[in-house]
Amino acid sequence: MNSAAASPVISVSGVTKKFGATQALHDVNLTVEPGEVVVLLGLSGSGKSTLLRHLDGLEFPTSGTVEVLGSNVPKLRPKALRALRGRVGMIFQQFELVPSLTVLENVLTGALSRLTGPRLGIWAYPKSFRLAALNHLDRVGLLEKAYQRADQLSGGQQQRVAIARALMQNPEVLLADEPVASLDPESSGQIMRLIREIAADDGLTVVCSLHQVDLALDWGDRIVGLRRGEVVLDTPTEGLGKAQVMEIYGRVTTSTAELNAIERELTGVPIEVPTQEDGTAEAADTSVPVQDGTV
Ligand SMILES: Nc1ncnc2c1ncn2[C@@H]1O[C@H](COP(=O)(O)OP(=O)(O)OP(=O)(O)O)[C@@H](O)[C@H]1O
């Protein structure tokens, strides 16, 4: 193996991010190796989007370093940052398609970082790009929808278009910010399977934020749990159970109400937490083994 292949794709070190008085990230460290499929797991407001946005240079750290594909992201000049973004595909909870454009043209916009000047209409793109876009639509199972307006598609179909658009960049890294939060369970499963399939076929490194423990355990190679901007869990999913994930979240909170809220949001089902007289949760049962927890 050569040294380039052994280098991490993502290396976040000591990153703190403040938005005014709000500390969105606190001393975050994260290393992602080539081909890894990592889930960022956490509640709303735990810092998942902020961390993902640092990886694409959409946010810059207040302190700490962010390296992606060998580049020190905050230090990049605009042209180099654009070039890096061309190697990093991103998909979002709300798909972010242009509703009035056809599916095909939406996919083609994924190639804009490789072209110069504005492009209006599919005929403004070189033939090789149009063929590539059709090929990507075929991969996500939407070839027959190529000439429909994007807003005529279901949510799951729109997310497929967004994936095809990201593929148009020929990315090396795929970042997905709650990609199934707006979808029903069946479409969610299909989209998550599709992302894994494409990641395996194309050798992509994936970092995907989710808030459902079950989905994260089923889907990722590794879970990185965020809580109030801090990494409280970083472990392979193999052999890891939901109880262990919850136990770690339990160990980093002291309030019963907060723990119940975490359980409800992460799983949809509140658990009974024994309370002490002062209303705080009893110390977590440390008899449950925790793998590599960094709480
Ligand atoms: N541009 C911003 N300006 C001010 N505060 C922000 C900004 N972006 C994020 N925050 C704050 O930073 C914290 C982390 O937010 P972030 O969106 O990263 O969390 P999240 O885990 O992705 O949540 P969600 O799943 O709801 O998107 C929150 O308190 C949020 O209000």
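Is the crossing of α6 and α7 right-handed or left-handed? The crossing is right-handed; a crossing counts as left-handed if the near helix is turned anticlockwise from the far one by less than a right angle, and right-handed if clockwise. This is a predicted model: local features need pLDDT of at least 70, side-chain atom pairs count only at pLDDT 80 or more, and totals for chains, interfaces and linings use all residues. Residues are numbered from 1 along each chain as its sequence is written. Helices (H or I, at least four residues) and strands (E, at least two) are DSSP runs, numbered from the N terminus.

**The helix pair**

- Helix α6 covers residues 155–167, and helix α7 covers residues 185–202.
- They pack at an angle of about 15°, with their axes 9 Å apart. Axes are lines fitted to C-alpha atoms, for helices over the stretch in contact, and angles run from 0 to 180 degrees between N-to-C directions.
- α6 and α7 are therefore roughly parallel to each other. Angles under 35 degrees count as roughly parallel, over 145 as roughly antiparallel, 65 to 115 as roughly perpendicular and the rest as oblique.
- From α6, the contact uses Gly155, Gly156, Gln159, Arg160 and Ile163. From α7, it uses Ser187, Gln190, Ile191, Leu194, Ile195 and Ile198. Residues are in contact if their C-beta atoms, placed from the backbone, lie within 7 Å.
- This contact of α6 with α7 has 5 nonpolar, 5 polar and 1 charged residues. Ala, Val, Leu, Ile, Met, Phe, Trp, Tyr, Cys and Pro count as nonpolar, Asp, Glu, Lys and Arg as charged, and the others, Gly among them, as polar.

**The ligand shell**

- Around the ligand stand Phe19, Thr22, Ala24, Gly42, Ser44, Gly45, Ser46, Gly47, Lys48, Ser49, Thr50 and Glu178. A residue is near a molecule if its C-beta atom, placed from the backbone, lies within 6 Å of it.
- The shell divides into 2 nonpolar, 8 polar and 2 charged residues.
- β2 (22–32) and α2 (48–55) each give at least two residues to the shell.
- α2 supplies the largest share, 3 residues.

**The sheet of 4 strands**

- An open sheet has the strand order β2-β1-β4-β5, with antiparallel pairing. Two strands pair if DSSP finds at least two bridges between them.
- β2 and β5 (71–72) stand at the edges with a single partner strand each, so one side of each has no neighbour in the sheet.
- β1 (residues 10–19) is joined to β2 by 7 bridges. Lys17 stands opposite Leu25 in β2.
- The hairpin of β1 and β2 has 2 residues between the strands, and Gly20 takes a positive phi near 60° there.
- β1 also pairs with β4 in the antiparallel sense, over 5 bridges. Ile10 has Val68 of β4 as its bridge partner.
- β4 (residues 63–68) and β5 are joined by 2 bridges. Here Val68 has Ser71 as its bridge partner.

**The sheet of 6 strands**

- A second open sheet runs in the order β6-β7-β8-β3-β9-β10, with mixed pairing.
- Its edge strands, β6 (88–92) and β10 (230–236), each pair on one side only.
- From one strand to the next, the twist averages 15°.
- β7 (residues 173–177) and β8 (residues 205–210) pair in the parallel sense over 5 bridges. Leu174 has Val206 of β8 as its bridge partner.
- α2 packs on this sheet and touches β3 (37–41), β6, β7, β8 and β9 (222–227). The direction of α2 makes about 155° with that of β8.

Conventions:
Two residues are in contact if their C-beta atoms, placed from the backbone, lie within 7 Å.
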